[in-house]
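Please keep the sequence and the model side by side while reading. The paragraphs below go through the sheets, their hairpins and a few individual residues.

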Amino acid sequence: NGDFTRTISIDSFDLTNGKVFNTFIDLINNPVPVRGNGNFIRKLISYNSNSDTLEYKEMQGTGSGYTDLNKIEFLYTLNNKPLSRIHSHWNGSAWTISKSEVWTYNGIGQILNYLLSDSTGNIRQKNYSYSGNQQVSLQKQVFTSGNWLNEEQYLITYLPSGSRDSLYIEK
């Protein structure tokens, strides 16, 4: 007994209209081709000159073209650090933001804040603080009833040599 091919599956795509055509053949049990078709989701990615993703977009095939579905847009600092990532959904007539992420940095490129929001508003954030080039704290907060509430805070201490000595967690 050797290895035998038992089934054959063939997918053909109509990229203009968003259709996929399937053929399935079971060579052992039913050698009659079974055919089907449907629509597929097309995924497109665009990049900047640094090969960072600028936009990821999904479009639903309709059989006569495509309709927008989802997209994620990215912005970067001049040093290629993320500034924002915006997730949107097509509602049939316009893009609506489902989630946004925003980063802020100080003048030497250290992250100061990360903010996560959705269509209802702020959800959570992380605040970072430094002493010179050393991170000394990370504070995590959640947005509830119009106020930022502390979830946890990490305090970082260092040895005179500059090596991290300890990490304290406050809840």
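**Sheets, hairpins and selected residues**

Strand 4 and strand 5 run antiparallel and are joined by seven bridges, where strands are DSSP runs (E, at least two residues) numbered from the N terminus and two strands pair if DSSP finds at least two bridges between them. The model is a predicted one, in which local features need pLDDT of at least 70 and side-chain atom pairs count only at pLDDT 80 or more, while totals for chains, interfaces and linings use all residues. Residues are numbered from 1 along each chain as its sequence is written, and side-chain values use heavy atoms, with hydrogens and water left out.

As background, most residues other than glycine have a negative phi, and most peptide bonds are trans. Ser-51, in the loop between strand 4 and strand 5 (53-61), has its positive phi as a residue other than glycine. Ser-51 is exposed, with a relative accessible area of 57%; here buried means under 20% relative accessible area, exposed over 50%, and partly exposed in between, with a 1.4 Å probe and protein chains only.

Strand 5 is in turn joined to strand 6 (residues 66-76) by seven bridges, and these two strands run antiparallel. Asn-70 in strand 6 is the bridge partner of Glu-58. The hairpin of strand 5 and strand 6 has four residues between the strands, and Gly-63 takes a positive phi near 95° there.

These strands belong to an open sheet of 10 strands in the order 4-5-6-7-8-9-10-11-12-13, with antiparallel pairing. Strand 4 (41-47) and strand 13 (164-170) stand at its edges, each with a single partner strand, so one side of each is left without a neighbour in the sheet. The twist averages 10° from one strand to the next, with axes taken as lines fitted to C-alpha atoms (for helices over the stretch in contact) and angles running from 0 to 180 degrees between N-to-C directions.

Further along the sheet, strand 9 (residues 111-118) holds Leu-115, which counts as partly exposed at 22% relative accessibility. When its neighbours within four places in sequence are left aside, Leu-115 is in contact with Ser-100, Glu-101, Val-102, Asn-122, Arg-124, Gln-125 and Trp-148, contact meaning heavy atoms within 4.5 Å. Leu-115 and Trp-95, by comparison, are 20 residues apart in sequence and 21 Å apart in space, C-alpha to C-alpha.

Arg-124, one of the contacts of Leu-115, stands opposite Val-142 in strand 11. Strand 10 (residues 121-131) and strand 11 (residues 134-144) pair in the antiparallel sense over eight bridges. Their hairpin has two residues between the strands, and Gly-132 takes a positive phi near 65° in it.

Strand 11 also pairs with strand 12 (residues 147-158), in the antiparallel sense and over eight bridges. Gln-141 stands opposite Asn-150 in strand 12, and Ser-137 has Leu-155 of strand 12 as its bridge partner. Strand 11 and strand 12 form a hairpin with two residues between them, and Ser-145 in the turn has a positive phi of about 50°, although Ser-145 is not a glycine. At 72% relative accessibility, Ser-145 counts as exposed.

A further open sheet is formed by three strands in the order 1-2-3, and its pairing is antiparallel. Strand 1 and strand 3 (30-39) stand at the edges, each with a single partner strand, so one side of each is left without a neighbour in the sheet. Neighbouring strands of this sheet are turned by 15° against each other on average, direction ignored. Strand 2 (residues 19-26) runs antiparallel to strand 3 and is joined to it by seven bridges, with Gly-38 in strand 3 as the bridge partner of Val-20.

Strand 1 (residues 7-14) includes Ile-8, a residue that counts as partly exposed at 33% relative accessibility. Together with Ile-10, Leu-27 and Ile-28, Ile-8 forms a nonpolar patch on the surface, with about 330 Å² of accessible area together. Patches are made of residues with over 30% relative accessible area and no salt bridge, like charges being joined within 9 Å and nonpolar side chains (Val, Leu, Ile, Met, Phe, Trp, Tyr) within 5 Å. A salt bridge is a side-chain nitrogen of Lys or Arg within 4 Å of a carboxyl oxygen of Asp or Glu, and accessible areas come from the Shrake-Rupley method with a 1.4 Å probe, where for residues only the protein chains shown count as cover.
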